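Please read each numbered point with the structure in view.

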Amino acid sequence: METITGTDIQEARRWLREGKWVAVPTETVYGLAANALDPDAVAGIFEVKERPHFNPLIVHIAYWEQLEELCPEVPEAAMQLAETFWPGPLTLVLPRSEKVPQIVTGGLETVAIRMPAHPMMMHLILSCGFPLAAPSANLFGRTSPTTAAHVEKQLKGRIPYILDGGPSEIGIESTIVGFENGNPVIFREGGIPSEDIREVLPDIALRSAATDKPNAPGMIKEHYAPGKPLYFGTADELTKHIEARAYALISLNDHPLSQEASLHIMLSPENDLRHAASGFFEAIHEADDSHAEIILIERFPDEGLGRAMNDRAIRAAAGSQA
Ligand code: TXA
Ligand code: MG
């Protein structure tokens, strides 16, 4: 299949109406979209990504009536978050209506919904008239894409169209909030720092890695792995992994290992975690494409978007042995 990259929203809509897949820009990362109400089209997303199981997908909407259609009962706490953060990098897991196909939710009685804040994506959903189911537009287990070029690298030849909306501004996936026994819980840290969520819901729980139930529905671990060994930690921990190999180093600011690095990507000389997050996946892609043999990522401060980056880096490093 020939893959075309362009900025033509009508062309993207044409493919989606035919039940095909289009990579779409969002403010967090690029998504691999299909008509959320067409089970065959949604099934194709899993084939394109080579995802081994039917992990539930996020449904992207552009206006409030779409929320009512997909989720007839929205808890008050969810409504408060939606009103504060939509459109934006927040996903809400809510009880679903009959209209949501089973393949979208992996058979769950809940559906994940997000109103993304990217003008091209908004236009696309409005002009389609149906919501778009979309996971991140990477192959299963690989690094999330934040540019059309990242998508091409992984999905060229598998989808007809990539809608190019420029680099993703936030650069890290949405924060996911759901409910357990009626209480709000942060399922995944992401583009909206938990500190900001707590300003709206002070008592919200965070499902930490320690209490993470890997087999709970919808919480299958993502890996984010690049093609090269990747290590994550403090300067001391990272030093142990070098073993005379050429390394690419990704750090927030100056770093003791930067002198000897074959490539050093400083994410934010001003120590701005938001700015750092916007270039985070881009840095992993660049390090992966460089001549370095291994990739080192410095641990970020455990606050704001630093926690979301630490989470992604831990997962990206999970498959690499010393
Ligand atoms: O920013 C984002 O969220 C991006 C852009 C494209 O919107 N999308 C994204 O999708 O990160 P994906 O498929 O890579 O991650 C979706 C996450 C998965 O961890 C999935 O398990 C969870 O959402 N999820 C989806 N439906 C769920 C449900 N009903 N209950 C619990 N978790 C759910
Ligand atoms: Mg993903």
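**Notes on the predicted model**

1. The four-strand sheet. One open sheet has four strands in the order β12-β15-β13-β14, and the pairing is parallel. At its edges stand β12 (230-233) and β14 (263-266), each of which pairs on one side only. On average, neighbouring strands of this sheet are turned by 15 degrees against each other, direction ignored. Please note that the model discussed here is predicted.

2. β13 pairs with strand β15 (residues 294-298) in the parallel sense, over four bridges. Within this pair, Ile295 of β15 is the bridge partner of Ala248. Helix α9 packs on the sheet, where α9 touches β12, β13 and β15, and the direction of α9 makes about 155 degrees with that of β12. Helix α12 (residues 305-317) also packs on the sheet, touching β12 and β15, with a direction at about 140 degrees to that of β12.

3. Ala244 is found in the loop between α9 (235-242) and β13 (247-251). Its phi is near 60 degrees, a positive value in a residue other than glycine. For background, most residues other than glycine have a negative phi, and most peptide bonds are trans. Is Ala244 buried or exposed? Ala244 is exposed, with a relative accessible area of 82%.

4. β5 and β9 pair in the parallel sense over three bridges, whereas β9 (residues 175-180) and β10 (residues 183-188) pair in the antiparallel sense over five bridges. Val177 can be followed across both pairs: Leu92 stands opposite Val177 in β9, and Val177 stands opposite Ile186 in β10. β9 and β10 form a hairpin with two residues between them, and Asn181 in the turn has a positive phi of about 50 degrees.

5. Helix α1 and its buried side. Which residues of helix α1 (residues 9-17) are buried? They are Ile9, Ala12, Trp15 and Leu16. These residues cover an arc of only 125 degrees around the axis, which puts them on the same side of α1. An α-helix has 3.6 residues a turn, so residues three or four places apart point the same way. The buried residues of α1 pack against β2, β3, α6 (119-128), β7 (132-133) and β8.

6. The two ends of α1. At the start of α1, a side-chain oxygen of Asp8 comes to within 3.0 Å of the backbone nitrogen of Gln10. Just after α1, Gly19 has a positive phi of about 85 degrees.

7. Two loops with backbone features to check. The peptide bond from Trp86 to Pro87 is cis, with omega near -10 degrees, and Pro87 is found in the loop between α4 and β5. Glu50 lies in the loop between α2 (39-49) and β4 (58-60). Although Glu50 is not a glycine, its phi is positive, at about 55 degrees. Glu50 is partly exposed, with a relative accessible area of 48%.

8. The cysteines. How many disulfides does a search of the whole structure find? The search finds zero disulfides. Cys71 is in no disulfide, and the nearest cysteine sulfur, that of Cys128, is 19 Å away. Seen from Cys128, the closest cysteine sulfur is in Cys71, and the distance of 19 Å is too far for a bond. Cys71 is buried, with a relative accessible area of 1%, and Cys128 is buried, with a relative accessible area of 7%.

Definitions and conventions
Residues numbered from 1 in each chain as written. Chains lettered and ligands numbered in written order. Predicted model: local features only at pLDDT ≥ 70, side-chain atom pairs only at ≥ 80, totals over all residues. Heavy atoms only, no water. Pairing = 2+ DSSP bridges. Buried < 20%, exposed > 50% of the residue type's maximum accessible area, 1.4 Å probe, protein only. Arc of directions from axis to C-beta. Contact = heavy atoms within 4.5 Å. Polar contact = N/O pair within 3.5 Å; in protein donor to acceptor, adjacent residues only side chain to side chain. Disulfide = S-S within 2.5 Å. Axes fitted to C-alpha atoms, helices over the stretch in contact; angles between N-to-C directions.
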